[in-house]
Amino acid sequence: MATAALGTAMLALPPGRALAQPAPLARAIPSSGERMPAIGLGSWITFNVGNDAALQAECTAVMAAFFAGGGRMIDSSPMYGSSQAVIGRGLATLGHPDALFAAEKVWTSSGTNGPAQIDETRRLWGVERFDLLQVHNLLGWEAHLDTLQAMKAAGRLRYVGITTSEGRRHDLVEQIMARQPLDFVQLSYNPVDREAEQRLLPLAAERGIAVIVNRPFQQGALTRRLDRAPLPDWAAEIGATSWAQLILKFILAEPAVTVAIPATTRVDHVRENLAAAGGALPDRELRGRIAAHIGAL
Ligand SMILES: NC(=O)c1ccc[n+]([C@@H]2O[C@H](COP(=O)([O-])OP(=O)(O)OC[C@H]3O[C@@H](n4cnc5c(N)ncnc54)[C@H](OP(=O)(O)O)[C@@H]3O)[C@@H](O)[C@H]2O)c1
């Protein structure tokens, strides 16, 4: 879990259609300055493959391609069935890549059960400590934040965060972001789910909180719907060769976003997603066109 300095951040979009930039795009975590490749890897459903050896090997192949392409952040949760064990097996097979940024969650209504759950999660991953622990969906958030801040103060955790998704409980997320010393917030954001633009993304920028974007493809519903339509010619202006890349480029062009974490079962898709962080990103006018076009399909 060594610090990796990869790529160059582009935190402000200048006027003009698009800006060329070196690949892969990396963004600074505001609370530390550590640079983070802007495409991570989710694991909900996609890595919940149980004991099926062939499917586990496919997950390991996805992880291998992810690290080979410069990826660092893998995100999971005790909520995701066998995903944690599948990640642990994959990491062991790959020799525990130094680049890993291990992002996990605590997910229990009981504050007192939090530390034991975190220990079990650590055992499943086979890591000494996590880089980031997040309170999943704000469940038991007050007690868990105390636990996580104490772990961070004791050097047993590097970053503390909270998560939500699909626009849930943004009022409470906003209150916690405003009052607690968070390193990360995780939320849903894509060209058709833009509620976070109203208050959470500006607040994250103001408070110096890194933003992880979950559900970039609405768990695949968005990409499946768009795949019925041709990719517009103007997607080529920013080097997007698929709907998935156009969506990810839309997300990463939002300056408050630190990393997006699409999940996939496919090596070609993880490569495609990582490649979205290379080349150009859309400017404000083109982002508007992407959102309008996708929203109308
Ligand atoms: N509250 C929370 O904390 C919370 C909530 C939701 C999600 N999350 C996190 O966010 C991660 C991402 O969200 P998600 O898993 O809900 O969904 P997602 O990343 O929006 O979508 C995943 C789906 O997209 C497909 N896909 C991936 N890359 C693709 C590509 N290049 N082209 C076409 N299809 C592609 C995958 O199918 P293939 O397998 O065929 O590629 C998969 O079915 C989760 O895995 C989890 O780690 C956290």
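1. Among the helices that line the largest pocket of this predicted model, α9 makes the greatest contribution, supplying three residues to the lining. This helix runs over residues 267-275, and it is joined by α7 (221-226) and α8 (243-252), each of the three giving at least two residues to the lining of that pocket.

2. The space in the largest pocket comes to about 800 Å³, and 38 residues form its lining. Those lying nearest the centre of the pocket are F217, Q218, Q219, G220 and A263, so that a close look at the site could start from them.3. Sorted by class, the lining of the largest pocket holds 19 polar residues, 10 nonpolar residues and nine charged residues.

3. A record in UniProt, an unreviewed entry, lists residues 39-285 under the name "domain: NADP-dependent oxidoreductase".

4. Helix α2, which covers residues 83-93, has a set of buried residues made up of S83, Q84, V86, I87, G88, G90 and L91.

5. After α2 comes G95, a residue whose phi is positive, with a value near 75 degrees.

Conventions. Residues are numbered from 1 along each chain as its sequence is written. This is a predicted model: local features need pLDDT of at least 70, side-chain atom pairs count only at pLDDT 80 or more; totals for chains, interfaces and linings use all residues. Side-chain values use heavy atoms; hydrogens and water are left out. On a 1 Å grid over the protein atoms alone, a cavity is a set of points where a 1.4 Å probe fits but cannot get out, and a pocket is an open set with protein on both sides within 12 Å along at least five of seven lines; lining residues have an atom within 4 Å of a point. Grid points are joined across faces, edges and corners, and a volume is the space filled by probe spheres set on the points. Helices (H or I, at least four residues) and strands (E, at least two) are DSSP runs, numbered from the N terminus. Ala, Val, Leu, Ile, Met, Phe, Trp, Tyr, Cys and Pro count as nonpolar, Asp, Glu, Lys and Arg as charged, and the others, Gly among them, as polar. UniProt positions are given in the numbering used here, feature names are shortened, and annotations may be inferred rather than shown by experiment. Buried means under 20% relative accessible area, exposed over 50%, partly exposed in between (1.4 Å probe, protein chains only).
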